[in-house]
Amino acid sequence: MPRYTYVVLTNPVEGREDEYNEWYTNTHVHDALKVPGFVGAQRFKLAAAQRNEAPYPWKYLALYEIETDDLQKAIDELSARYDTADMVISEALHPERLGLLFEEFTPRVEARP
């Protein structure tokens, strides 16, 4: 079955970071994983050490793993649930965000000891 990664970059509304993180980690990720095809998720926070100097437009990253034979159907279902009782969106989520879908096309490569 084809595998995809949905990469989502977001920020909280200023002054509401704790509320944003509580909602995203404890509610939103679980709502997204109820969408058929969504099989895993993990969140990340921008590290202090970076290759390039700031500013950085996004502070948070969420990676969603999707396994489906019909990616469009999974995305349509995600869109249908967005900001409904099945997927409440917190007002602590800044409206500017970026979500991109990537299709796996090579095997994972690991470092050799």
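Two strands pair if DSSP finds at least two bridges between them. The legends below describe a predicted model.

**View 1. Strand 1 and strand 4 pair in the antiparallel sense.** Six bridges link these two strands. Strand 4 itself covers residues 98–103.

**View 2. Strand 1 also pairs with strand 3.** Strand 1 takes in residues 3–10, and strand 3 takes in residues 60–67. Their pairing is antiparallel and runs over eight bridges. Here L9 has L61 of strand 3 as its bridge partner.

**View 3. A nonpolar patch lies on the surface.** L98, L100 and F102 form this patch. Together they have about 250 Å² of accessible area. F102 sits in strand 4. Its relative accessibility is 45%, so F102 counts as partly exposed, because that class lies between the 20% limit for buried and the 50% limit for exposed. In a regular strand the side chains alternate between the two faces of the sheet.

**View 4. R81 is a buried residue in a helix.** Helix 2 spans residues 71–81, and R81 belongs to this helix. The relative accessibility of R81 is 17%, so R81 counts as buried; the cut-off for buried is under 20%. Which residues is R81 in contact with, leaving aside its neighbours within four places in sequence? They are K34, V35, P36, D86 and M87.

Notes: Residues numbered from 1 in each chain as written. Predicted model: local features only at pLDDT ≥ 70, side-chain atom pairs only at ≥ 80, totals over all residues. Heavy atoms only, no water. Patch = residues over 30% accessible without salt bridge, like charges linked within 9 Å, V, L, I, M, F, W, Y side chains within 5 Å. Areas by Shrake-Rupley, 256 points an atom, 1.4 Å probe, with all protein chains shown as cover. Salt bridge = Lys/Arg side-chain N within 4 Å of Asp/Glu carboxyl O. Helix = DSSP H or I, 4+ residues; strand = E, 2+ residues; numbered from the N terminus. Buried < 20%, exposed > 50% of the residue type's maximum accessible area, 1.4 Å probe, protein only. Contact = heavy atoms within 4.5 Å.
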